[in-house]
Amino acid sequence: MAIEISDDDFDELVAEAIDRVPKKFLDSLDNVVILVDDEPMGPMKNLYGLYQGIPATSRGDVYAAALPDRIYIYRTSHKQMAQSLEELRTSIYTTVVHEIAHHFGIDDDQLHEWGW
C-alpha cells in the first residue's frame, strides 16, 4: 500500500534528509544539485534515486566548465514502497546518502558492504 503525501510534504522530507547529512560531506559537494522528480525516464521505473555526473574522484582539469552533476530523488518509487511516514523518511535519507556517496566515487558494492 502506497503512502499518501503531497509533493510539497515529500519535498520537505528530502530537505530534512539533506539537513541530516553530516556538514563535512555537504561542504565537500562540488558542482552538484539535488532535484526531486516524480519518476525516472526510461525503463528503470523502480529507482529511488540517481546520480548523474562525473564523480569527484574522476574529474580532471577539463571539468572546470562542466554543468552541475545531478542527484535525483524520485517520489513515485518512495511513495509506493513506504508503509508509514517514518519508513518514507528513512528511505529518503538512505537514498540521499547513497547518491551523495556516488558523487564521491563510492560504488554500489561498497555501499552495500557498509550497509547502505
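## Tyr-72 and strand 3

Tyr-72 is buried, at a relative accessible area of 17% (buried means under 20%, exposed over 50% and partly exposed in between, with a 1.4 Å probe and protein chains only). Tyr-72 belongs to strand 3; helices (H or I, at least four residues) and strands (E, at least two) are DSSP runs, numbered from the N terminus. Apart from neighbours within four places in sequence, Tyr-72 is in contact with Leu-35, Asp-37, Tyr-48, Gly-49, Leu-50 and Gln-52, where contact means heavy atoms within 4.5 Å. Ser-28 and Tyr-72 are 44 residues apart in sequence, and their C-alpha atoms are 18 Å apart.

## Basis of the model

The model is predicted: local features need pLDDT of at least 70, side-chain atom pairs count only at pLDDT 80 or more, and totals for chains, interfaces and linings use all residues. Residues are numbered from 1 along each chain as its sequence is written, and side-chain values use heavy atoms, with hydrogens and water left out.

## Helix 1 against helix 4

Two packed helices are described by the angle between their axes and the distance between the axes. For helix 1 (residues 7–20) and helix 4 (residues 85–103), the axes come within 9 Å and cross at roughly 55 degrees. Axes are lines fitted to C-alpha atoms, for helices over the stretch in contact, and angles run from 0 to 180 degrees between N-to-C directions. The two helices are therefore oblique to each other (under 35 degrees is roughly parallel, over 145 roughly antiparallel, 65 to 115 roughly perpendicular, and the rest oblique).

Helix 1 contributes Phe-10, Leu-13, Val-14, Glu-16, Ala-17, Ile-18 and Arg-20 to the contact, and helix 4 contributes Leu-85, Leu-88, Arg-89, Ile-92, Tyr-93 and Val-96.

## Nonpolar core

The largest nonpolar core has 18 residues, and those with the most contacts inside it are Phe-10, Val-21, Ile-73, Leu-88, Ile-92, Val-96 and Ile-100. Such a core is a set of buried Ala, Val, Leu, Ile, Met, Phe, Trp, Tyr and Cys residues joined through side-chain atoms within 4.5 Å. At least two residues of this core come from each of helix 1, strand 3 (69–74) and helix 4; helix 4 supplies the largest share, 6 residues. Beyond its neighbours within four places in sequence, Val-21 is in contact with Leu-26, Tyr-93, Val-96, Val-97 and Ile-100.

Asn-31 lies in the loop between helix 2 (23–28) and strand 1 (32–37). Asn-31 is not a glycine, yet has a positive phi of about 60 degrees. Its relative accessibility of 28% makes Asn-31 partly exposed.

Ser-6, in the segment before helix 1, is also partly exposed, with a relative accessible area of 35%. Ser-6 and Arg-75 are 69 residues apart along the chain, with their C-alpha atoms separated by 9.9 Å.
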